[in-house]
Amino acid sequence: MSGRAVGLGVLIAILLTSLAWAVQEPGKRADFIPASVQWLLGHDGLQPTGVVGPAPKAFQERHGAAWTLRRDFALGEPWRLWGSGIAVDGAAMTNDAAAAQVAERFWQDHPELLPERFDMEQLQPWSNTLSAGVRYVSFRQAIDGVPILGGRAFVAIKYGRLVMAGARLFEATANAAAASIETKAARRIARQAMEARGLKAKDTAAELTFLPFDENKRTRLVLAYVVGLDARPQGRWTAYVDAVKGTLLALRDERVFFNGQIALALHERNPAGPSVQRPASLLRLTANSQSLLTDAVGGFSVSGSSADLSLQIQGAYTSIDNEAGAELTASATLENSGAYVWESGEEYGQAQLAAYRFVADVREHAQSFAPDLDWLTDSLTVNVNYDETCNAWFDGELTFLKKGRSPGGGTCNNTAMLADVVYHEFGHGFHYYSIVPGVGDFDEAVSEGLADYMSSSLTGDRYLAPYFMTTGGALRDIEPDKVWPADQNEDPHLTGLIVGGALWDLRKLLISELGETEGARTTDLIFAGAARTTDTVPSLYEAALLADDDDGNLDNGTPHVCAIDLAFGLHGLVANAAGGLSIVHTPPARLDAGAPVRLTARIGAAHPQCGATEAGDVRLVYSTNEGRLWQNKPMALEAADEFAAELSGLAAGQRLLYRIEVGATDEGALIVRPANLAEPYYMVYVGALEPIACDDFETRDNDWTHELLSGEDQEGADDWQWGASGGLGGDPARAYSGSKVWGNDLSPEDNWNGLYQSEKTNTLKSPSYDLSAYDQVRLQFRRWLNVEDASYDKARIYVNDERAWENRPGAGEEHHTDREWVLFDLDISEWAAAQSAVQIRFEIESDQGLEFGGWTIDDFCLYTTTDEPPDGDVPDGDVPDGDAADGDVEDSDGDASDGDVEDGDNDASDGDVDGDMVDGDLSDGDDTPLPDGDFVPADGDIPDGDGSIDGGDLPDGPDDGSDGDDGAPGSGGGGCQTASPATPLLMLGLLVLVAWRRRALKAGVKT
């Protein structure tokens, strides 16, 4: 259960009075946040996944079906809506008042997008901005004038059409007059909290705010003062003071760190490499006692035939502050047309000169595609030579650290002398100040990815920060196809690789299509638009579409939608598609023994505009012996976008397990149905079935019961419910048949969130069935199951308390995520046949963190059959020797001449069969059946969450440095690891929110 909110819940950064992003090795951060303060920590650093689908029916009735709605994964509430556009008053593009009127009317006219009983007076004007041809109008949610942290709504208007809207609104009542302390007292409490920790700070601002506070999975609003604190050079902090009780809720160090990994050295950005001369643009100087400013190429003019120069390292927009002593100065006398090269022979001077130039580089780069961003012409203080090592951060100012030893071994260079680090840190400022209030939001993983792209877009290099260490090695590689949500990580820099990688792939595609200059500029413009309106990783897609749109209609595509679909699809950011393709397939409910089986799929472009996208290899991958042996068969194009394959000779009593794999011609993308990493196949029984007892759950008079088996007995602990599926937490939006289902937390009320609770075991029990007359019994039902990897959470089926099925344990990230109704079929004769009293039981057992939607069940049925199960692995006649027990080859049609084995002799010795699989089909000989017969190939043909292959076959978390899968040769994966002095781990810790990381939480350790 959770408080009702529109959107992802509470994201705090955009309303904080101070902020920081940092580069640092771990262990430096010093938050003082009680574990109970869940509103600040979020859900273990992981983001809910948005569910994309059609707009609400009421909206479609007014504006047509050409609209897409992203709902919050956990709460199911409307989050972002975009589509064909609604024509509005043309004055809205140029007139603030007209735009505000359009926005107000939109929200008044569409209550289906708002919480029930929402008071429109809580929406207060926030921003009204015309930026890059898009008019954004946003509102802040407030009660009695006091804002609710994270509460907001917006519309976006382009070419005179309203093309996007979004909201995160809380259905809540509270009293802003309940504050019992004044602002002055709150500031004093905040300062005292800092002093108690040996830090002297001055308060800079205090704002009365309602904080959405999670308490036993219910949300209440806490009236609090958010107090900004300046403790530099130790950085900026934020204190949260309860405005009613006068107590400190939390104290937050606003420097947020990043870490990284060793990778390939690129010497052109090596501080120990050759010296180059660069213009000192916009530098302030005194020439013949006259104050001047150099131009973009470092030029200046002054009267006379010579000039006496006096230089300080200060500029029009950049002020260098040397933390290790006095700022660098120089003096010289120049003759007419002379040139002066300002250089320094020692580290601290070099750091000042380098930082000044690198900031100028990235500022000029950003101005080329975001000229209307005012922050780019604000004065920026850059602190260099701070007395620590391996670190840098942005907190409204930039701070870079000295050269010195790394705790992980080796020596870090002075970070002011690393161009990539300067570009990256500046990128966080660019993101923060680009955000359109009430439209975009600050998300640490998004900012991490955007900052990575900022650096790579300037250097033109996939590798970030060569020579962070004096021995060389890049901190991060944004090239590998990290995929949402499979590669989501508590560490935001790892999640950020999804964002940075998607933009980098888009850049490559557009450069190949438009040429180097135009392709890079087009991507940079999309990047700038994404920085304005993205609020979480999955929303990057629609933010890119909005930035690329040219006619105020997102339904008809954008000029570069095909490249966006392809690039973002490779990273799981395009719903139901990858590589620019989509698959539509309806599995059969049952197959007749011996009859030809024709399986079809419609495969087409993910977007109609992208009809040129072609499917490469389309194949049916199948097994008829419970996954001990897998084969594949090409699916042929038969009509338009329909592909088909035919199987024959299937024997009664078998289960056909299969999936459909489609390779896109571009980038080698692969999409798979079903897109379930833990169970990547459909299952269909072959033969005749006679129903024994069936229940479609349309009435609740059949004696199904449920109970809590373990865990704290609180509201929602036993969350088994009968009724309509609420579509929250990854659950289906509707029943498979009729309108009723059984499931965990069906969200019948506003304060339920669709997720099972942590540290609970609960069960749903069927009635008792008399099966004494049946020798064979099969269980079938329609399943929509979402549960964490079985290493942590268990979904089980019991027959008379004997475990008959359990979700698959993987490497910790192989969650069972059904994204469609799946027919489940299981032979339960071992436990049920000839028994007079048989009960089926469904169970969920959860650990202490990361909850999913759990079970949703429909059309439950017990069947019997007269078919005898196959005696061996393969029906007689399928292999010439009649014996497939050795696993050489299974060919369901009994004919080896169709390509299953090239020489037809079933001999593995010649390389046609390697191990137990047909060569080249799926396996390299290391495939093994799971204990329960569920099979997953071991060589990479498994979809990783959204059906895409991520370049590393299976998401493996941080690389151990042994194979370079996740980075350059010799690199680690960007997580917290221990490294030897020869290969020191680099901790590029940008924007890591200190929280109870999921793995640490399970071990009871805070990191």
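Here is a short walk through the structure, stop by stop.

**Before you click.** You're looking at a predicted model, where local features need pLDDT of at least 70, side-chain atom pairs count only at pLDDT 80 or more, and totals for chains, interfaces and linings use all residues. Residues are numbered from 1 along each chain as its sequence is written, and side-chain values use heavy atoms, with hydrogens and water left out.

**Stop 1: colour by confidence.** The chain averages 76, and 75% of the residues score at least 70. Now select residues 35-46: pLDDT is below 50 here, and the stretch has 37 contacts beyond near neighbours in sequence (a contact means heavy atoms within 4.5 Å). Residues 872-1007 also have a pLDDT below 50, with 369 such contacts in the model.

**Stop 2: a helix pair.** Helices (H or I, at least four residues) and strands (E, at least two) are DSSP runs, numbered from the N terminus. Select H6 (residues 419-434) and H7 (residues 444-459): they pack at about 130°, with axes 8 Å apart. Axes are lines fitted to C-alpha atoms, for helices over the stretch in contact, and angles run from 0 to 180 degrees between N-to-C directions. That angle makes H6 oblique to H7; angles under 35 degrees count as roughly parallel, over 145 as roughly antiparallel, 65 to 115 as roughly perpendicular and the rest as oblique. To see the contact, show side chains including Tyr423 and Phe430 of H6, and Leu450 and Met454 of H7.

**Stop 3: helix H8.** Select residues 492-514. This helix has 23 residues and reaches 32 Å from its first C-alpha to its last, close to the 33 Å expected at 1.5 Å a residue (the expected span is 1.5 Å times one less than the number of residues). Is H8 mostly buried or exposed? Of its 23 residues, 18 are buried, where buried means under 20% relative accessible area, exposed over 50%, and partly exposed in between (1.4 Å probe, protein chains only). Just after H8, find Gly515, with a positive phi of about 100°.

Stop 4: Go to Leu282, between strands E13 (257-258) and E14 (283-287). Its phi is near 55°, a positive value in a residue other than glycine. Leu282 is partly exposed, at 29% relative accessible area.

Phe697 sits between strands E36 (690-695) and E37 (705-710). Here phi is near 65°, again positive in a non-glycine residue, and Phe697 is buried at 1% relative accessibility.

Finish at Pro674, in the loop between strands E34 (670-673) and E35 (682-685). A cis peptide bond joins Arg673 to Pro674, with omega about 5°.

Technical notes:
pLDDT is the predictor's confidence in each residue, from 0 to 100.
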